[in-house]
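Hello,

Here is the structure I promised to pass on to you. Have a look at it first, and then read on for what turned up.

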Amino acid sequence: MFKLNLKIAWRNLWKNKGYTLINVLGLSIGMASCILIFIFIRYQMSFDEGFKDQDRIYRMVSSWDYSDGNQFYSQGVPIPITPAVRDDFSPYIEKVSAIQNSGGIVKVNDQHGKEKVKSIENVFYVEPDFFEIFNYKWLSGNYESLKEPNHAVLSKEMAKKFFGNWNDALGKTINYDGNLNYIITGIIDDVPENNSVPLRIMLSYKSLKDRNLNNWGSVSSASESYFKLKRGIKIETLSEPLRLFIKKYYTEKAPGKEGHIFQPLADIHYNERFGNFSGRIMPKKQLYGLMVIGLFLILTASINFINLATAQAVSRSKEVGVRKVMGSQRGQLVTQFLTETFIIVLISLLIASVLTEIALPSMQNLFNAKISFSFFQHPIILVFMFVLVVCVSLIAGFYPAVIMSGFNPALAIKNKISANTGGLGLRKVLVVVQFAITITLIIGTLVILQQMKFIREQPLGFNPTAIAMVDLPNDSLTVERFNRFKAQLKQLPGVEEVSFCRTAPSSQNNNGSSFAYNNSKDADFQVNAKNADEDFLKTFDLKLIAGRNLSKSDSTNEFIVNETLLKRLNVAKPADALGKMISLGGQKKPIVGVVQDFKNKSLHESIDPIIVCSRIERYYYAAVKLNAKQMMTTMKSVEQVWKSNFPEFVYNESFLNDDINNFYQGEKIMGTLFKVFAGTIIFISFIGLFGLISFVAAQRTKEVAIRKVLGASTIELVRMLNGSFLIMVFIANLVAWPLAYLFISKWLSGFAYRIDISIWPFALAMVISMAITLITVSIRSYKAAAANTIDALKYE
Amino acid sequence: MIKIENLEKVYKTEEVETTALNGINLHVAAGEFVSIMGPSGCGKSTLLNVMGLLDKPESGSYKFIDTELLTLNDRERSNFRKRNMGFVFQNFNLIDELTVFENIELPLIYNKIPAGERKRLVNEIIERMNIVNRSGHFPQQLSGGQQQRVAVARALVTKPKLVLADEPTGNLDSAHGNEVMELLCELNETGTTIVMVTHSSHDASFSNRIINLKDGHVISEKINKSRNEELI
Ligand SMILES: Nc1ncnc2c1ncn2[C@@H]1O[C@H](COP(=O)(O)OP(=O)(O)O)[C@@H](O)[C@H]1O
Ligand SMILES: [Mg+2]
């Protein structure tokens with residue numbers, strides 16, 4: 001029986017090659033997109049998985065509540081918190097460990113004492129307990145030695161990089177940050193990319209020298225603290241002890257009320273409020289968005305299938321009738337038709353796998369992640385594909401199977417099943433649903449592209465073009481060389497301006513400090529202090545609106561403030577602020593200038609109150625404004641000059657424009673995804689539409705012929721055939737508009753600077769969808785209307 | 001073998017109710033060959049469909065060797081049908097996607113006959129029907145007469161107790177029509193009960209008994225003497 005059914009299925013598919021092609025094409029593209037989305041989501045969900053007792057691992061993070069209602073969060077904690085937690089929470093937690101991130105130059109000498117490796121590396125100072133909390137795989141050595149200062153543990157990759165062969169690394173030394181040597185006492189297996197703590201070089205925590213070691217008032221995102229709960233203890237149990245803990249240790253008055261949160265390990269990769277050491281965050285919201293798009297894709301393709309299958313059902317009615325006459329039961333017929341669907345879906349899956357393989361590299365590029373399509377590595381992908389095939393077969397196949405198996409045999413054998421049996425109404429509803437999805441995506445894409453363009457063209461308040469940000473090594477020795485270095489840079493042809501500063505005007509590195517204005521007490525908000533020399537305004541083309549520029553100085557003698565700061569202080573006229581005193585970090589100095597507001601963060605956020613002042617110990621970048629025509633050659637000379645001034649350091653540069661674009665990485669990915677998936681869905685929907693109009697045209701051939709004989713013109717006939725489709729797509733537009741409106745207003749609300757929602761994307765989506773519909777159906781209906789009428793009638 | 005009593009069948013559409021069968025009483029003995037005649041629209045096909053369990057009547061009784069068939073559920077009806085009945089239609093109703101051999105094989109598959117046995121039975125009937133050299137062809141590649149012979153072969157291959165034929169010669173010229181009628185006669189002679197709807201008195205003359213329907217009633221019955229004498 002099965003063999004025979006298979007034969008019938010195959011011969012039917014072959015007979016209706018066109019419809020089969022449309023189905024297979026739609027399903028395989030839809031499934032390929034779904035598989036890609038699944039692979040990506042699986043990768044994102046695999047972060048920080050696989051540790052022993054992972055449910056009991058938490059990170060302690062910080063929050064501040066300000067009296068103006070603002071809240072501020074940090075992934076970091078004050079450094080002294082870890083030992084305090086170890087004492088005060090001992091009834092509840094098994095282990096707690098601090099981990100301090102740092103970056104600097106690692107040097108390795110060969111056996112003759114000659115330098116063989118010098119590179120900038122990311123290192124972590126960790127306590128041995130860290131390895132009691134996270135069970136990494138140890139290849140050799142152990143973490144006991146980290147109890148003492150000056151020991152190091154390396155990942156296999158780093159050991160190989162420094163010593164050629166990881167087996168040789170044990171007992172050797174590396175030099176970090178110029179002054180200290182560390183003995184390698186352990187090697188762990190490489191920590192995979194899907195980890196929020198990308199351990200590669202681990203140093204004894206005891207070797208950490210930080211001026212904030214005992215300071216409860218300073219929090220850096222580089223200082224994190226992890227703990228493991230005791231077995232059987234609920235995290236809620238800790239809230240009362242935490243309250244007492246905070247009361248006990250935060251005794252000084254600060255502008256924000258300090259708080260701490262126990263963040264589960266499983267939350268770290270998804271929570272946007274807090275960062276992490278890997279810099280990879282994937283809000284769950286975005287993953288859900290992708291899932292919805294995947295669902296849309298598969299739904300659109302399934303709708304094509306349902307529509308074409310029910311439309312074709314009549315041609316199978318005789319077969320159904322005959323089978324029933326011979327004693328076939330309805331269940332057997334349902335099984336038969338489902339099997340047919342299953343086969344088509346299976347064929348589509350094979351093609352989808354090939355498409356996935358082809359699309360994977362661009363996907364990896366887009367997300368900058370090492371995702372792989374390997375069944376052996378991730379058998380779950382195979383499970384997903386199996387589930388996908390079963391679901392799609394059921395969604396797409398069940399309804400047509402029920403319709404076809406339900407034909408009355410007495411009618412079916414007399415060919416009396418009308419062509420509209422099996423849901424003409426349903427077909428219309430499905431087309432509307434399909435196009436509502438398509439149009440929502442078209443509108444979404446248009447708005448995302450419009451917003452991206454808006455952001456690109458937003459005046460930043462400064463000019464970021466042709467500015468290179470070059471790392472500036474800053475310690476007591478290098479500071480001496482700053483003047484000479486700056487003078488040499490300025491002499492280079494192609495260099496227009498040079499400014500030494502802590503950050504560019506716009507940066508992801510923003511620190512808040514408490515301050516007081518005009519002899520009053522501390523303001524109830526914090527100010528973002530940017531340290532820079534007197535060339536800062538010139539180099540970045542920042543505009544003064546009152547007062548004058550900073551005068552040349554290595555220390556803080558005067559301040560420039562921005563408009564936002566004055567607004568927050570309720571100072572109406574910028575000129576009124578000139579000469580007023582500001583106390584900041586123990587310095588009380590006058591305001592000499594007011595700078596026009598500039599965007600100091602991504603456009604998701606509004607502008608901070610800002611103070612600009614000189615302070616040479618905090619200059620970490622040399623901002624070099626270049627002549628745009630000879631940027632590349634100039635940068636070579638900049639590098640040479642740099643190396644001659646700081647030979648013991650490693651050169652690093654980036655362009656400000658790239659840095660700013662990086663703020664919008666997430667949006668860029670969203671934009672690309674929407675373009676690609678909207679394109680895909682449009683394609684699937686319209687081939688489906690083409691299939692349906694082909695069917696309608698074929699079904700109405702005789703009617704068209706008779707009308708033509710009676711004198712209808714070709715245009716009138718085309719219009720008649722097109723009519724219902726245009727109405728359906730029009731209704732789909734009406735359905736899509738409120739949906740799209742909800743979606744885009746939600747998305748746009750995440751931007752502090754955003755376009756107003758206008759009618760245009762909606763209108764444009766309508767024009768696009770109606771135009772493509774008109775073209776798609778007209779191609780086919782024109783052919784039907786212009787065909788030779790007599791042929792159609794002769795058949796009777 | 002068949003006892004039909006007070007059978008009523010009403011078709012309801014949006015506008016009209018058509019009483020297709022209006023109190024039919026009919027007995028058919030085992031081994032009989034009965035023809036049903038009457039004007040177009042008098043309910044012949046409806047009666048045949050009800051007898052074949054393809055359609056359900058509103059009321060009445062239908063006994064087949066003492067089994068009441070009208071109270072069976074769907075599953076029981078299709079089981080009963082595939083074990084006991086064979087059908088021949090005016091428009092052949094062969095499945096276009098299957099070859100002659102596969103078409104004939106289909107009812108055996110539904111009856112769960114093992115593959116080897118199926119092959120033997122199909123080949124046997126193909127030989128008997130004289131269509132051996134056509135067994136790999138598709139229906140569209142055959143003439144009408146050949147198609148109907150395949151349809152008859154398909155009806156016979158399960159060796160049913162009852163064969164129901166609805167205008168089996170309606171779409172055939174007289175030469176091909178006669179061939180089919182001879183086949184049915186041969187079949188009847190081997191003991192199979194046949195009920196046939198026809199418009200042609202020539203075809204009816206092959207049967208033992210002729211029943212005339214009008215407006216859903218049996219208006220007359222006639223024993224076909226010539227044929228019965230022939231039998232004697
Ligand atoms: N599916 C149906 N729906 C409504 N009326 C039907 C249907 N099938 C048959 N009829 C009506 O029932 C009557 C008997 O039809 P039928 O048994 O096909 O007649 P015939 O004797 O020509 O075979 C006719 O009036 C016909 O119009
Ligand atoms: Mg009839």
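**Around ligand 1**

The shell of ligand 1 is made up of Leu411(A) together with Tyr11(B), Thr13(B), Thr18(B), Ala20(B), Ser40(B), Gly41(B), Cys42(B), Gly43(B), Lys44(B), Ser45(B) and Thr46(B). Please keep in mind that this is a predicted model. Because the residues surrounding ligand 1 come from chains A and B, the site is shared between chains.

Which parts of chain B each supply at least two residues of this shell? They are strand E2 (17-28) and helix H1 (44-51). H1(B) gives the most, with three residues. If you sort the shell by class, you get seven polar residues, four nonpolar ones and one charged one.

How much of ligand 1 does the protein bury? Taken alone, ligand 1 exposes 560 Å², and the protein buries 74% of that.

**Where the two chains meet**

Next, have a look at the contact between the chains. Chain A puts 23 residues into the contact, and chain B puts in 26. For chain B and chain A, about 2400 Å² is buried between them, with 58% of it on carbon and sulfur atoms.

How many salt bridges are found across this interface? There are four between chain B and chain A. One to look up is Glu102(B) with Arg11(A), where the closest N and O atoms are 3.0 Å apart.

On the side of chain B that touches chain A, helix H2 (74-84) and helix H3 (100-110) each supply at least two residues. H3(B) gives the most to that side, with six residues. By class, the residues of this side of chain B divide into 11 nonpolar, nine charged and six polar.

Notes
Residues are numbered from 1 along each chain as its sequence is written. Chains are lettered from A and ligands numbered from 1 in the order in which they are written. This is a predicted model: local features need pLDDT of at least 70, side-chain atom pairs count only at pLDDT 80 or more; totals for chains, interfaces and linings use all residues. Side-chain values use heavy atoms; hydrogens and water are left out. A residue is near a molecule or strand if one of its heavy atoms lies within 4 Å of it. Accessible areas come from the Shrake-Rupley method with a 1.4 Å probe; for residues, only the protein chains shown count as cover. Helices (H or I, at least four residues) and strands (E, at least two) are DSSP runs, numbered from the N terminus. Ala, Val, Leu, Ile, Met, Phe, Trp, Tyr, Cys and Pro count as nonpolar, Asp, Glu, Lys and Arg as charged, and the others, Gly among them, as polar. Contact means heavy atoms within 4.5 Å. Buried area is the accessible area (1.4 Å probe) that two parts lose on being put together, summed over both. A salt bridge is a side-chain nitrogen of Lys or Arg within 4 Å of a carboxyl oxygen of Asp or Glu.
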